[in-house]
Amino acid sequence: MKADIVINGATLVTDSAQFQASIAIKDGMILSIGAADAMPEATEVVDASGKYILPGAIDAHVHFRDPGYTHKETWETGTASAAMGGVTTVFEMPNTNPPTGTVEALNLKLKSAEQAYVDFGIYGLLGEENLTELEALIEGGVAGFKCFMGNTFGNLPSPPTGAILEGFEIVAKHGYRIALHAENASIMARRSKKLKEAGRCDPLAHLDARPPVVATEAVSRAAILAEWTGARIHILHVSSGDELRPLREAKARGVDITAETCPHYLLLDERAYTEKKSLIRVNPPVREKTHQDQLWAAVQDGTIDMIATDHAPHSHEEKHKDDIWTTDCGFTGVQTQMPLMLTQVGAGRLALTDYVRMTSLAPAKAFGLYPRKGALLPGSDADLVVIDMERETQVDSAKLKSKGSSTPFHGHAAKGAPVHTLVRGRFVMRDGALVTEAKGHGRNVRRIQQMPTPKPRNVETTTAAIVKKNRR
């Protein structure tokens, strides 16, 4: 059998091992792995001597702004940025315009996603006003749901706890994972109002408005609701050490809960508010150094499952203002995650195998894509990134493919970078350059997604069940 591509000379890295081997690709999938002289004849042979091959990163948290905010980002520019960053699959958030809360809005987004360079999943919105749409969204092709417990860009209303519970009850029956922006909306609204009344509009006012308790309370509440309903949940952008206790306790109780953190929480601290000013505004906020240290410990002990980016671009003007309250929240990240984190691998803060576990294996398993994605196995999709651990670069906002290229990491030195990215056996980035002919190659992962069997609980007390009861 003739292969399409054989890559020789690299060290392959999984979540548990590193070994030198060649890898053969055919029809978009890994055909075989082994010694170079055991590989089949191939149409193309690539020499990757001295490099490493990893499963492509799966970023479970991106905002591509399309439809509705295409001056900030589009599916073309966002997925181009992903391809350049070694990311082969993304999960895109619903706070677009219109929000992805109906099948009609989902179809608009799927149309926009036809530009994608990389594979993708789409989150449907879980809100108070669209609970009757959740099952139709599943039928329409979402890969999971997003619930905004706290406010962020788009100002989507935070559902009351009763609506969250009902949403969990509905989704639990189908087994899809619900990603949560876990912050307490009421506390933040009250504190923000008081800070504005006091005349605070400096960058640190944003941090003061969102103390760790807003996240700790929301994580605890979400875990209790998930435990009661049997829903699978994912805690987005863990920013504080305080959230780790309810997260660990929920895992110990058997709650199906996963969690992510982001490079900006691991690499930046409160000094960024002085150095970066309004650019640093993000939800939840970058916090004090003591939280950073606790997050690193949680990365190292496995409490935090994944590294994602919360890629959330805005225009330069929207990110650089004198009033922190009118500055849009978030910044680009999908292209910079890998070089930033590989630098930390080189510094000894985590092993390369741990990096693969957190950026490939864990998200693939959490969202029902393993072993088609997140693995280097015969039969897996040939989603690969070839990296050079010796390559020295510097983050340069001018070189990012994202439309909203403002980044607090501009000027940061990095050692270790992707040089080739392949999605289902096709180069989408080669020798550090985007392969523009690959635009539109990306596919919706729902076609291969296989979540574990649903395990709903307390079904006799769900909202739907009690409405049907007749106790007269």
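Phe 168 and Ile 178 touch the most other members of the largest nonpolar core, which has 112 residues. A nonpolar core here is a set of buried Ala, Val, Leu, Ile, Met, Phe, Trp, Tyr and Cys residues joined through side-chain atoms within 4.5 Å. Buried means under 20% relative accessible area, exposed over 50%, and partly exposed in between, with a 1.4 Å probe and protein chains only. This is a predicted model, in which local features need pLDDT of at least 70 and side-chain atom pairs count only at pLDDT 80 or more, while totals for chains, interfaces and linings use all residues. Residues are numbered from 1 along each chain as its sequence is written, and side-chain values use heavy atoms, with hydrogens and water left out.

- Leaving out residues up to four places away in sequence, Phe 168 touches Leu 126, Ile 178, Leu 180, Ala 222, Leu 225, Ala 226, Thr 229, Ala 231 and Ile 233; contact means heavy atoms within 4.5 Å.
- Another core, of 16 residues, lies apart from it and includes Ala 143, Ala 179, Val 445 and Ile 448.
- As background, nonpolar side chains tend to be buried together in soluble globular proteins.

**Helix α4 against helix α7**

- Helix α4 spans residues 161–172 and helix α7 residues 212–229; their axes come within 9 Å and cross at roughly 40°.
- Axes are lines fitted to C-alpha atoms, for helices over the stretch in contact, with angles from 0 to 180 degrees between N-to-C directions. Helices (H or I, at least four residues) and strands (E, at least two) are DSSP runs, numbered from the N terminus.
- α4 and α7 are therefore oblique to each other: angles under 35 degrees count as roughly parallel, over 145 as roughly antiparallel, 65 to 115 as roughly perpendicular and the rest as oblique.
- The α4 and α7 crossing is right-handed, meaning that the near helix is turned clockwise from the far one by less than a right angle.
- On the α4 side, Thr 161, Ile 164, Leu 165, Phe 168, Glu 169 and Ala 172 meet Arg 221, Ala 222, Leu 225, Ala 226, Trp 228 and Thr 229 of α7.
- Sorted by class, this contact of α4 with α7 has eight nonpolar, two polar and two charged residues. Ala, Val, Leu, Ile, Met, Phe, Trp, Tyr, Cys and Pro count as nonpolar, Asp, Glu, Lys and Arg as charged, and the others, Gly among them, as polar.

**Helix α7 against helix α8**

- α7 also packs with helix α8 (residues 244–252), at an angle of about 15° and with the axes 8 Å apart, so α7 and α8 are roughly parallel to each other.
- α7 passes α8 in a right-handed crossing.
- Thr 216, Val 219, Ser 220 and Ala 223 in α7 meet Pro 246, Leu 247 and Ala 250 in α8.
- That contact of α7 with α8 has five nonpolar, two polar and no charged residues.
- Arg 245 sits in α8 and is exposed, with a relative accessible area of 59%.

**Backbone points to check in your viewer**

- A cis peptide bond joins Asn 97 and Pro 98, with omega about 10°; Pro 98 lies in the loop between β9 (87–92) and α2 (103–112).
- Tyr 370 and Pro 371 are also joined by a cis peptide bond, with omega about 5°.
- Arg 65, a residue other than glycine, has a positive phi near 65° and is buried, with a relative accessible area of 2%.
- Asn 458 has a positive phi of about 50° although it is not a glycine, and Asn 458 is partly exposed, with a relative accessible area of 22%.
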